[in-house]
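Biologist: Hi, could we go through this model together? I'd like to begin with a pocket and then move on to the sheet.

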Amino acid sequence: MMPDYIFEASWEVCNKVGGIYTVLSTRAKTLQNTMKDRILFIGPDFWNECECPYFKEETSLFADWQWEAKEQGLKLKVGRWTIPGEPIAILVDFKPFFEKKNEIYGWLWEHYGVDSLHAYGDYDEASMFSYAAALVTESFYKFKSVKGEWTGKTKVIYHANEWMCGLGLLYLNNKLPQIGTVFTTHATSIGRSIAGNQKPLYDYLFAYNGDQMAGELNMQSKHSIEKQTAHFADCFTTVSDITAKECVELLDKPVDVVLPNGFDNSFVPGTAQAFARKRKAARKKMLDVANALLGEQLDDDTLLISTSGRYEFRNKGIDVFVEAMNRLLRDRDLKKKVVAFIEVPGWVGEPRKDLQERLEALDKGQSNFDSPLDVPQVTHWLHNMSHDNVLSMLKYFDMHNRKDENVKVIFLPCYLDGNDGIVNMTYYDVVLGNDLCIYPSYYEPWGYTPLEAIAFKVPCITTDLAGFGLWANKVFGHDGQLEDGVKVIHRTDYNYSEVADNIKDTVAEFSNMTKKQIETCRKNAEALSEKALWTHFIEYYYEAYDIALRKAQERVH
């Protein structure tokens, strides 16, 4: 069964804060092709009078419903999400519901046993948005029904992403049982928390009790809403086999379908000439930044490698990355100079003025520099220089990017949105300049960064604790090797040192490769990325919609 309409709610609709933005924004085009303007994304509106950079309002869209929704007290904007496919998006102001918060939480406890007593941090904000998103859906559904446009036969799906949208799903489950509900947890809140708190997650997964750990880690409310939503949703889903295991053990609920994260390659330059031009520009920019910062004359033969993602020092394997670079300093098999970038948004202050001046001089064709700037490991000043994990680890290893060292590590602690003041290029325009990308994750439900890298023909290293790494192994039929385009390193709770050595050896091996061997790696990387396009992975979503619609039908009839 295919839905006639889909409402999909997420904190990251028109709000670029993490990987879920990529999941939704790249999938939208594929769904728009099959359900033109019958998929409606609902996101939070905290732009007020300011313009949201990812959204353009169209007051004529559903104008009669918009008027009625405003009469009902909903403050919303309807328009289009400015991404490929330009799907309809509804941004709703959730702040007015804070005054009813206790009443809403009381209702939630009474009907679904959700414990909101221990709420703190972003719980209230997310819950009020989730409630507002459900009211938007309810208002639209009732409006269409009263007008006679929708009948009992109209098939509607409500898709909630993460615990943050759970409250709304439960509200609709109660108020409009004829809507089929899909819930996707992209990572369990408890699993992420166990991993982030330096506890071994995998060896003891069978022994952890989710409710008990929620109490221990002060996560009772988030865990409670996530668990109850998983149990009451018509179709409970997650993004990889590895997270599916977590769901069984920590949420006491097996998933109905695994929805792997695909990619839309319309971001990738279409012609070989455009690709080569962009790659050349990216390499020049990154080498200019390195040379200006380090006072060196590194040329295009330098190996450019990077890691990127959210600043979860252990979960994303940033610690192992630094460890591996430190070991690489003393590796005799390394045949090229290496500049390793850590592109992870930290508590960034401002771009360095001294670095900006040097980059301007380079742009004007002025001199090369022969002395490094102070603190030649970082491109932007941070608010917490003395407490930053990356800088502390570099200091601990005495890694100061000295002239005679073949491996330099540079921390780029900001979002690459094109306006950071130093690189001034977007992440996708930078990533294709790399020779190799490294993502040695310890906790990674899927892993968009390696998938993005290979889509831009950059071979990468990941681990089999990442959903993407497991999927790659499955496609290859063996543990991925560098010549396959993706090297998949075996990682456990306790083999940190082995992983660091494996990365070091792989980079050294890469530095010894011939042009032809590198070309093979790049071709195979691209070929693997094409197997992960949304055109292939969307089938899993259709399966989830089918399960949810059948359950809703049984409930109503």
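**Pocket and sheet**

Modeller: Happy to! The second largest pocket holds about 480 Å³ of space. A pocket here is an open set of points on a 1 Å grid over the protein atoms alone, where a 1.4 Å probe fits, with protein on both sides within 12 Å along at least five of seven lines; lining residues have an atom within 4 Å of a point. The volume is the space filled by probe spheres set on the points, which are joined across faces, edges and corners.

Biologist: What should I know about the model itself?

Modeller: This is a predicted model: local features need pLDDT of at least 70, side-chain atom pairs count only at pLDDT 80 or more, and totals for chains, interfaces and linings use all residues. Residues are numbered from 1 along each chain as its sequence is written, and side-chain values use heavy atoms, with hydrogens and water left out.

Biologist: Which residues lie nearest the centre of the second largest pocket?

Modeller: R279, D435, K515, I518 and R522, out of 17 lining residues. The lining has ten charged residues (Asp, Glu, Lys, Arg), six nonpolar (Ala, Val, Leu, Ile, Met, Phe, Trp, Tyr, Cys, Pro) and one polar (the others, Gly among them).

Biologist: And which helix gives the largest share of that lining?

Modeller: Helix 10, with five residues. Helix 10 (272-294) and helix 18 (515-530) each supply at least two. Helices (H or I, at least four residues) and strands (E, at least two) are DSSP runs, numbered from the N terminus.

Biologist: On to the sheet. What is the strand order?

Modeller: The order is 3-4-5-2-1-6-7-8-9, an open sheet of nine strands with mixed pairing; two strands pair if DSSP finds at least two bridges between them. Strand 3 (55-57) and strand 9 (257-258) are at the edges with a single partner strand each, so one side of each has no neighbour in the sheet.

Biologist: How many bridges join strand 1 to strand 6?

Modeller: Five, and the two strands run parallel. F7 has Y158 as its bridge partner in strand 6, and Y158 also stands opposite T181 in strand 7.

Biologist: What lies across strand 6 and strand 7?

Modeller: Helix 5 (residues 166-175), running at about 155° to strand 6. Angles run from 0 to 180 degrees between N-to-C directions, with axes fitted to C-alpha atoms, for helices over the stretch in contact (heavy atoms within 4.5 Å).
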